[in-house]
Amino acid sequence: MSQPCIICVAITGSLPTKASNPAVPITVAEQIESTQEAFEAGASIAHCHVRDDEGKPTSDPERYGRLKEGLEKHCPGLIVQLSTGGRSGAGQARGAMLSLRPDMASLAVGSNNFPTRVYENAPDLVDWLAAEMATHGVKPEIEAFDLSHILKAHEMWKRGQIVDRPYVQFVMGVKNAMPVDRDVFDYYIHTVKRLFGVNAPWCAAGIGSNQIVLNEWAIAAGGHARTGLEDNVRLDRERLAPSNAALVERAAELCRQYGRPVATWQQARDILGIPLKA
Ligand SMILES: [Zn+2]
């Protein structure tokens, strides 16, 4: 049987608003409800950002704490991944929630351009975030916006800055960063297998209408898939996605088409080496 596919749901992000899609969960209560539906639809990882009372991105550890607690209560077994991305804060504030000891956190290991700004990840901040994750037993997910980020993750693993074999996510289709390019995608897979082993798990995310493209490429090529309203708020040109769960169901349908079982949370924890914390 082919390997189960882990579906990660990126529920909120930093950018989408109720104006872009009313289904985007903004408050912690909305986030818990939306994630529970997505979990029941087959997601086994939730990638989470939090917003302040005005709906703006924040790295507030108190909010992250409430969200994590709610998800653990309502979605038992779900892998909770908190974002340390740079749109929600600056400097070490981006990692202030790592002491909550979530299962995972996102980690960008290099800089690149975003649509209207530089996505700045200075070497000393990258080292600090990785050290905090190691201290608190948090597994990083490497957000690879560029080939160099995969090689940087390998270097950090060899130096012991990243404890376990890195789990790399290829991010494609962010304007001014890496476009959706099949040859590059194939070379990313080749590089992960070369550096981390032929069985190393990897994941891919596409932005906007490319979400479904990257879902299909990853599922067909044996990788894992990220979906959710953070990256894309539409089902197609005409229709907004009614929920995060609807996007998870769309990815699960692709899994069926390609003969990949959707990973349960137990299988996802096994594949990624993340035991359930007491
Ligand atoms: Zn994110």
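Two strands count as paired if DSSP finds at least two bridges between them, and the strands themselves, like the helices, are DSSP runs numbered from the N terminus, with at least two residues (E) for a strand and at least four (H or I) for a helix. With these terms, Val9 stands opposite Ala46 in S2, and the pair belongs to strand S1 (residues 7–10) and strand S2 (residues 45–48), which run in the parallel sense and share three bridges.

The structure is a predicted model, in which local features need pLDDT of at least 70 and side-chain atom pairs count only at pLDDT 80 or more, while totals for chains, interfaces and linings use all residues. Residues are numbered from 1 along each chain as its sequence is written.

**The chain as a whole**

The protein chain holds eight helices and 12 strands. Its radius of gyration is 17 Å, close to the 19 Å that the globule rule gives for 278 residues, so the chain is as compact as a globular protein of that length; the radius is taken over C-alpha atoms, and the rule is 2.2 Å times the number of residues to the power 0.38. Along the principal axes, the C-alpha atoms fill a box of roughly 45 × 40 × 40 Å. Of the 278 residues, 49% count as buried, where buried stands for 20 or more other C-beta atoms within 10 Å of a residue's own, exposed for 12 or fewer, and partly exposed for values in between, with C-beta atoms placed from the backbone.

**The barrel**

Eight strands form a closed barrel in the order S1-S2-S5-S6-S9-S10-S11-S12, with parallel pairing. The table lists two of the pairings.

| Strand pair | Bridges | Residues opposite each other |
|---|---|---|
| S6 and S9, parallel | four | Ala105 and Pro140 |
| S9 and S10, parallel | four | Glu141 and Tyr167 |

Strand S9 is mostly covered, since six of its six residues are buried. Lys139, Glu141 and Glu143 point one way from S9, whereas Pro140, Ile142 and Ala144 point the other way. Helix H3 (residues 123–136) lies across strand S6 (104–107) and strand S9 (139–144), and H3 runs at about 170 degrees to S6; such angles run from 0 to 180 degrees between N-to-C directions, and axes are lines fitted to C-alpha atoms, for helices over the stretch in contact.

**Two packed helices**

Two packed helices are described by the angle between their axes and the distance between the axes. Helix H4 (residues 147–158) and helix H5 (residues 182–196) pack at about 10 degrees, with their axes 10 Å apart. H4 and H5 are therefore roughly parallel to each other, a term for angles under 35 degrees, while those over 145 are roughly antiparallel, 65 to 115 roughly perpendicular and the rest oblique. Leu147, Ile150 and His154 of H4 make the contact with Tyr188, Thr191, Val192 and Leu195 of H5, where contact stands for C-beta atoms, placed from the backbone, within 7 Å.

**Two loop residues**

Most residues other than glycine have a negative phi. Arg101, which is not a glycine, has a positive phi of about 55 degrees; Arg101 is found in the loop between strand S5 (79–82) and S6 and is partly exposed, with 15 other C-beta atoms within 10 Å. Asn176 also has a positive phi, near 75 degrees. Asn176 is found in the loop between S10 and H5, and is partly exposed, with 13 other C-beta atoms within 10 Å.

Methods: Contact = placed C-beta atoms within 7 Å.
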